[in-house]
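Subject: Structure handover

Hi,

Here is the structure you asked about. Please open it beside this email and follow along.

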Amino acid sequence: MNLSEYENYQEKKTHFDASFPYNTYLCCIPQDFLSVPLHWHQEMEIIYIKKGHGTVSVDLSSFVVKEGDIILLAPGQLHGISQYKTNRLEYENILFDITMLLSKSNDSSLEFFAPLQHSNILSKNIYTPKDPAYPAIARCLDHADEICKTFPHAYQLMIKSCLYALFYEIFASQKTMPVSKVPFASLEKLKIILKYVETHFQEKITIEQIASYCDYSPSHFMKYFKNAMGMSFIAYLNDYRLTMAARLLLASDSTILSISQEVGFENLSHFNRSFKKKFLQTPSAYRAAFV
């Protein structure tokens, strides 16, 4: 199974009609994977922690999350999730297209939803059981989950109703929009870089190539990336490749050599050394531990 087949497999795990852009599925760390690298997409995402502890990153800030916490991520917002120490983490991942809630007429709902289409951040990303708005927000998600157990006729209407109620609670509780700790232009440039890695990591990528893609000189690019991510670009690229390799080790029966090549490593020995350094065990031992 190559990475393209792996992604298609993941898509088949969803339970909704393609014409209704609302998908939900359960994930478990470390059983399914150890982490989801920092990334972004145009769908709205909600991460609902069901059990355990984990680490969630939002716009380069990291938070430890636990059972019950709800993480709201606007379209285009940078985010990632990973294992916290040796803890197990079970969570529900909800993805939907915000445009499904927009009216075709210019009614007042545009005031609330249209800004989210352009990556405007939410006033609050993480809701815990201690937050005043939490009970109502959790009820909306729990109700949607109940509907999704049986998919009754016209379930789409109830799902939309739950989402409208959820956003009512969010917008009613927020007062002002916060100022991002990271300059917006800087985040936008970083998003371009991370998306490039996401789509080209299987290929050979040089500093000169990625710097040119960003309209930076190599030296300026290396300084910018190190300041933003706290590591060199090459270190990040190798770490991303290893994360993808770990996923394939659990999702396929391909050989270790095949997987190393699939994720962009040209030398098996280098791959094995790098994998053991990151995961503290060899690729074969990692596969045996979780499969």
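Which residues in α3 are buried? They are Tyr134, Ala136, Ile137, Ala138, Cys140, Leu141, Ala144, Asp145, Ile147 and Cys148. Buried means under 20% relative accessible area, exposed means over 50%, and partly exposed is in between (1.4 Å probe, protein chains only).

Two notes on the source. This is a predicted model: local features need pLDDT of at least 70, side-chain atom pairs count only at pLDDT 80 or more, and totals for chains, interfaces and linings use all residues. Residues are numbered from 1 along each chain as its sequence is written, and side-chain values use heavy atoms, leaving out hydrogens and water.

Helix α3
Helices (H or I, at least four residues) and strands (E, at least two) are DSSP runs, numbered from the N terminus. The buried residues of α3 pack against β1 (22-29), β3, β5 (70-73), β7 (89-96), β8 (126-127) and α4 (155-173). Helix α3 covers residues 134-150, which is 17 residues. At 1.5 Å a residue they should span 24 Å, and the end C-alpha atoms are 26 Å apart, which agrees. The expected span is 1.5 Å times one less than the number of residues. Phe151 follows α3, and its phi is positive, near 50 degrees.

Aromatic pairs
The structure holds 20 aromatic pairs. Rings of Phe, Tyr and Trp (its six-membered ring) pair if their centres lie within 6.5 Å; planes under 30 degrees apart are stacked, over 60 edge-to-face, and the rest tilted. Take Phe20 and Tyr155: their ring centres are 5.9 Å apart and their planes are at 80 degrees, so the pair is edge-to-face. Phe20 lies in the loop between α1 (3-12) and β1, and Tyr155 in helix α4, so the pair ties together parts 135 residues apart in sequence. Both Phe20 and Tyr155 are buried. Ring pairs also link Phe20, Tyr22, Phe96, Phe151, Tyr155, Phe167 and Phe171 into a cluster.

Helix α10
Ser274 lies in helix α10. Ser274 is buried, with a relative accessible area of 16%. Leaving aside neighbours within four places in sequence, Ser274 is in contact (heavy atoms within 4.5 Å) with Leu242 and Phe265. Ser269 is also in helix α10. Ser269 is partly exposed, with a relative accessible area of 42%. Ser269 and Leu257 are twelve residues apart in sequence, and their C-alpha atoms are 9.6 Å apart in space.

Best wishes
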